[in-house]
Amino acid sequence: MTFKSAVRSLPVLEGCFHVGLQALRSSDRSRVTAMRPRRLRGSIDIDNCLRTYYANDPRWDYGIATRQSSTDRVYWLEVHPANDGEVEAVAKKLRWLKKWLAREGNAVDLTPRAFIWVASGRTALTQNSPKLKQLARLGLVFKGGHFKIP
Amino acid sequence: MARLQLSHVAQINSANLDFGHLTVLVGPQATGKSITLQFLKFLVDTGFVQDELERHGLDWGRALSPLLDVFFGEGMSSIWRDESTVAINGRSIDMVQLAARKRKSRPEKLFFIPAQRVIALRDGWPRPFTDYGSGDPFVVRDFSESLRVLVEHEFRTESLFPQKKRLKKEFRALLQRDVFADLSLRVDKFHSQKRLVLGWEPGSSHAAHTLPYMVWSAGQREFVPLLLGFYWLMPPTKVQRRGQIEWVVIEELEMGLHPRAISVVMMMVFELMSRGYRVCLSTHSPQVLEYVWAVKNLRDMGAAPGSLLRAFDAPKTQGLLKVERAVMNKDVRVYYFDPSRHTTTDISSLDTDVGSQSWGGLTEFSSRVNEAVAEAAAVKGEPGHR
């Protein structure tokens, strides 16, 4: 199944699919670059789309799909302030996303997948931070202030 | 000197360094960091270097090639080629003329603590300049000679560490905690030969009271010459700096040291800066850049006094707060010696974005480790969550 058809198969994501990186809010758009734009297979703004259903939950930001050999690979992207104090908040969001993907959003949980954190504003975390290692164990990669989609 | 430019020197295609109060050089081995720092020494102290060479019977015949061999070390004249150039503050230096003409005698302005500092001690005593071969680098011989003068003239029968007149008491406490444990460093005699020993105070529960040089740990052997270098730079008087020295170069300050000891040494580097020295470091330690990063960020954020000391796990005493205050107002630069292009890049901003340079390659391994683990975890799921 392609990312586009997977998104369209979920009623809660109705109207959420956008081509390219168009689902990203303008403030976040500059933080992401597709190194191979032709491989982009669309994006969704989960935070916005699921606001009605999960108003008080720590919702994740985006899903971005690219074509990788014969399948669509999904980068689950969170744009969030980057400092030690926010690590737990991002971890909570990641747990929420994984639960949502396992239960309701299973159709869009395509593999391979990757969970990415991009800093909004100033980065106050170093790659040596033990807290980033905790997040790595959860499957999350911190990419600093900008993410280049391979 | 504010700017040094080297072009086509040794493996360096182009190096452009604007020095701050603290300048840190990073990059893999054999990228030209040490040669650059030795050039800095040579150009700042040309008259002093020539004096010292002559004083110790070294004759370069007023020619550049033998001068480079005797200053940088045997075989190093090959670092200078026809197309090589060096400039200070944008002004090109004629190296051939520099070698041909005896420069006016001047006191030493740059104190160089070389990476090979461990060989400055033999059997626990600093080696004199003439103890080395004529093909050994000048900076090693000169450093060693300074330590000899220091120990012979300023520590005749005293304990070297801890010593009330040397270093702030906070540094002594941190060194005692993180480097020496309950050992002291003092001058001892063995068959009439003076030597430095580590030992416990008489009356302690230890059977042996002294540990000679040969049984010191690798870290202690590395640290003692470094400590003596700091002693040289911090005279036991109200004087802030020794003689006319304005610059300090410390190569690979982290060598052989545990991270806790590296922290103390970095604090002592900040003390040098607060005394008005301009300090240049070369390092392979991400920890050193972490502290530089902390200084830059805490300053930008207008952090409360004591924030930097917190990063060092150091006490917020008046003395250390004063050092912190001084460092926060200093200009700090970081340069990456790029092994692929053989050029230097100013990475002073120390952006934490993951890139090919990632702090001069010092954190690329952490990034890669994080990514490898995250990729595996993203597939299989964290325990209990998938």
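Let's start with a hairpin. β3(A) and β4(A) form one, with 2 residues between them. In that turn, S69(A) has a positive phi of about 45°. A word on names: helices (H or I, at least four residues) and strands (E, at least two) are DSSP runs, numbered from the N terminus.

Before going on, the ground rules. This is a predicted model, where local features need pLDDT of at least 70, side-chain atom pairs count only at pLDDT 80 or more, and totals for chains, interfaces and linings use all residues. Residues are numbered from 1 along each chain as its sequence is written, while chains are lettered from A and ligands numbered from 1 in the order in which they are written.

Strand β3 (residues 62-68) of chain A pairs with strand β4 (residues 71-83) of chain A in the antiparallel sense, over 7 bridges. Two strands pair if DSSP finds at least two bridges between them. I64(A) stands opposite Y75(A) in β4(A).

Which sense does β4(A) take with β5(A), parallel or antiparallel? Parallel, over 9 bridges. Look at L77(A): its bridge partner in β5(A) is I116(A).

Stay on β5 (residues 113-124) of chain A, because G121(A) has its place there and is exposed, with 11 other C-beta atoms within 10 Å. The cut-offs: buried means 20 or more other C-beta atoms within 10 Å of the residue's own, exposed means 12 or fewer, and partly exposed is in between; C-beta atoms are placed from the backbone. G121(A) and V79(A) are 42 residues apart in sequence, yet 9.5 Å apart in space, C-alpha to C-alpha.

Now helices in chain A. Two packed helices are described by the angle between their axes and the distance between the axes. Helix α4 (residues 87-103) of chain A packs on helix α5 (residues 130-138) of chain A at an angle of about 5°, axes 10 Å apart. Axes are lines fitted to C-alpha atoms, for helices over the stretch in contact, and angles run from 0 to 180 degrees between N-to-C directions. So α4(A) and α5(A) are roughly parallel to each other. The terms: under 35 degrees is roughly parallel, over 145 roughly antiparallel, 65 to 115 roughly perpendicular, and the rest oblique.

Who makes that contact? From α4(A), V87(A), V90(A), A91(A) and L94(A); from α5(A), K131(A), L135(A) and L138(A). Contact here means C-beta atoms, placed from the backbone, within 7 Å. By class, that is 6 nonpolar, no polar and 1 charged. Ala, Val, Leu, Ile, Met, Phe, Trp, Tyr, Cys and Pro count as nonpolar, Asp, Glu, Lys and Arg as charged, and the others, Gly among them, as polar.

Over to chain B. Here α5(B) and helix α7 (residues 218-233) of chain B have axes that come within 10 Å and cross at roughly 70°. That makes α5(B) roughly perpendicular to α7(B). S146(B), L147(B), L150(B) and V151(B) in α5(B) meet P225(B), L228(B), Y231(B) and W232(B) in α7(B). The contact divides into 7 nonpolar, 1 polar and no charged residues.

α5(B) turns up again around helix α3 (residues 64-72) of chain B. The buried residues of α3(B) are L67(B), L68(B), V70(B), F71(B) and F72(B). Their cover includes α1 (33-44), α2 (46-55), β4 (80-88), α4 (95-100) and α5 (138-154) of chain B. Just after α3(B), G73(B) takes a positive phi of about 120°.

Next, the sheet. Four strands of chain B, in the order β9-β10-β11-β12, form an open sheet with antiparallel pairing. Its edge strands are β9 (159-161) and β12 (210-211), each pairing on one side only. Strand β11 (residues 193-199) of chain B pairs with β12(B) over 2 bridges. There, G199(B) stands opposite T210(B).

Last, the interface. How many residues of chain B are in contact with chain A? There are 22, against 25 residues of chain A. Elements giving two or more residues on the chain B side are α9 (286-301) and α12 (364-380). α12(B) gives the most, with 10 residues. By class, the chain B side has 8 nonpolar, 8 polar and 6 charged residues.

As for α9(B), its 16 residues reach 22 Å from first C-alpha to last, close to the 22 Å expected at 1.5 Å a residue. The expected span is 1.5 Å times one less than the number of residues. Its buried residues include W293(B) and N297(B). G302(B) follows α9(B), with a positive phi near 60°.

Key: Two residues are in contact if their C-beta atoms, placed from the backbone, lie within 7 Å.
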